[in-house]
Amino acid sequence: MENINFANARVRIAPSPTGFVHVGNLRTILYNYLFAKHYKGKFLIRIEDTDQTRLVHGALENLLQVLKWAGIEGDEGPYLTTDNKVKEKGDYGPYIQSKRLSIYNEQLVALLDKGKVYPCFCSKKRLDDLREEQAKNKQAPKYDNFCRNLSKAEAQAMIDSGASYVIRFKMPENRNVVFEDLIRGEIVVNTKDMDDYVLIKSDGFPTYHFANIVDDHSMKITHVLRGDEWLATTPKHVLLYEAFGWQPPKFAHLPTLVNKQKKKLSKRDGDVSVKDFIEAGYLPEAFLNFIALLGWNAGTEQEVYTLNEMIQQFTLDNVHKSCAVFDIDKLDWINGTYIRKLSADDFYEKCLPYLTKANLITPAKDKIAINSTNEKVKPQYIKNILSLEQTRIKKLSEISEAIKFFFVPNFDYIADRLIWKKSDRSQTLENLRDLEKILKKLKKTEFTSPKVKELIMEHISQNAKDTGSVLWPMRFALSGQDRSPDPFEIAGALGKDQSLARITFAIQKLS
RNA sequence: GGCCCCAUCGUCUAACGGUUAGGACAUCAGGUUUUCAUCCUGAAAAUUCGGGUUCGAUUCCCGGUGGGGUCACCA
């Protein structure tokens, strides 16, 4: 496949603005993007909004925002301007189907002239009854071609009388439709298993099948990479291309993303909307890396990829056939590795909104207010605190809970938890008092984590103390948690006053 | 139910007729450490079943089983 020349490849994603982009959509988007970029082709975005009843306000904006977040840019199609307006670019527009109605009408006339389609006047009631009857007789639900043989005059008379109608495709009888799927190989389906499906709805809008084929052809799409759920429908599309006398594009049907129950990921399964993952603080690079690996593997043992590495290595022969389970544990792991690679400045920038949202701080120009104390601090102070948690969190949203104790000094706890497992109450009290004395002697300007460490470790060795019997209570007193960063680092970040206040509080709790 | 697709550790996957079936996440154990995280080491863990083809099948073929998709005036 690598030998085939895809230099002029044009691929598209064709989402419907019926809700938030979900993980499966994004994976399809990513593969299309990787494919296009790998072969130096074009990646277009086309909005399929032909079902006017299912439109969701803001869905298009959500799609474009997700793409922006992911760093995926379309070569043609709608995009978001810097002031969040939707505009379109490209020579094959418009790229929003509801603006292309006249194009569909033109093509419909061509099909009508060729006698490939016919109007159908069957009511919803009749169709429902038909399906019910078929279900009762254990037959496959299928349109019975009731209107197929109406004469031109009869049909015209119905139309003139104002009857509501749809346009159906005349399915050829008992013919094998064969096409090559780039991932699955040859697929053969007989037309007797397909019915005269609807191309134009009674409201005059095309169905997916019609609009999609007309657009893919007129936009010169060369490869259709889409979800597995379209595989069974593809023969219908192939036949439509044939009816038009057009060359169909190459098809590649991507494996489905499923949940732990092996069912197609759906909105009912909770966290499948990309928006939720963005808010939870997954980094776009990590997220893309993770979903790329769900159904694709370069054949190596590499697990961590930049977008460019993926572009270089992505080909369709390494895309799998079977569905993949979306496993959040691995996502968390990979996100953690990306978080750990962030520079202190980047990590700070990314965490700031979460701290603000949690009401811990209020950023101003060059000073940051700590809400609980009204104290104003420099960004560097926050940066220092944040860096202590960088190896500990798996997603950005965890940061506020993890470092809350820095910003909210008045926490309380059960006194006994200050006592190390191999120590006791009186020893702990004694050690805390020693600590208090040592730290008091330090000048504010000397109160750095290495200096604190030096003095305390010296004290431990001189008095032959168990390290844990000193450091556990210190750490607990400073953080109020049994899991936290190193006590010296906490002390250094907290500064002299806060550190001492917390140790004094601990002594009071214990005495 | 008809049609179509799929099948390697719990999960993501490597293997494209010959390997002690490899890696990663998760799990467990150990090391480092004051705790947690990081980091390092190790362990347990898989070819859905039955027939063929072959000197030899995870790999090729057939069948069963299981899972998924699809059968709308939704995409």
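# Chain A around RNA strand B

Helix α17 is followed by G480, whose phi is positive, near 70°. Helices (DSSP runs of H or I, at least four residues) and strands (runs of E, at least two) are numbered from the N terminus. This is a predicted model, in which local features need pLDDT of at least 70 and side-chain atom pairs count only at pLDDT 80 or more, while totals for chains, interfaces and linings use all residues. Residues are numbered from 1 along each chain as its sequence is written, and chains are lettered from A and ligands numbered from 1 in the order in which they are written.

**Helix α17.** This helix has 13 residues. From first C-alpha to last, α17 reaches 18 Å, close to the expected 18 Å; the expected span is 1.5 Å times one less than the number of residues. Of the 13 residues of α17, 11 are buried, so the helix is largely enclosed by the rest of the structure. Buried means 20 or more other C-beta atoms within 10 Å of the residue's own; exposed means 12 or fewer, and partly exposed lies in between, with C-beta atoms placed from the backbone. Among the buried residues of α17 are W472, R475 and F476. They pack against α14 (399-407), α15 (425-441), α16 (449-462), α18 (487-494) and α19 (496-510).

**The RNA surface.** There are 62 residues around RNA strand B. Near means a C-beta atom, placed from the backbone, within 6 Å of the strand. E48, S202, S322, V325 and D327 come nearest. Elements giving two or more residues to this surface are α4 (124-136), β8 (185-190), β13 (324-325), α11 (328-341) and α17 (467-479). The largest share, 5 residues, comes from α17. By class, the surface has 26 charged residues, 20 nonpolar and 16 polar. Asp, Glu, Lys and Arg count as charged; Ala, Val, Leu, Ile, Met, Phe, Trp, Tyr, Cys and Pro as nonpolar; the others, Gly among them, as polar.

**Strand β8.** Of the 6 residues of β8, the number buried is 0, so this strand lies largely in the open. It pairs with β7 (residues 176-181) in the antiparallel sense over 6 bridges. Pairing requires at least two DSSP bridges between the strands. β7 and β8 form a hairpin with 3 residues between them. V177 has V189 of β8 as its bridge partner.

**Whole chain.** Chain A has 19 helices and 16 strands. Its radius of gyration is 32 Å, well over the 24 Å that the globule rule gives for 511 residues, so chain A is more spread out than a compact globule. That radius is taken over C-alpha atoms, and the rule is 2.2 Å times the number of residues to the power 0.38. The C-alpha atoms fill a box of roughly 105 × 50 × 50 Å along the principal axes. Of the 511 residues, 32% count as buried.

**Backbone exceptions.** Most residues other than glycine have a negative phi, and most peptide bonds are trans.

The peptide bond from G93 to P94 is cis, with omega near -5°. P94 is found in the loop between β4 (86-89) and α3 (101-113).

Key: Two residues are in contact if their C-beta atoms, placed from the backbone, lie within 7 Å.
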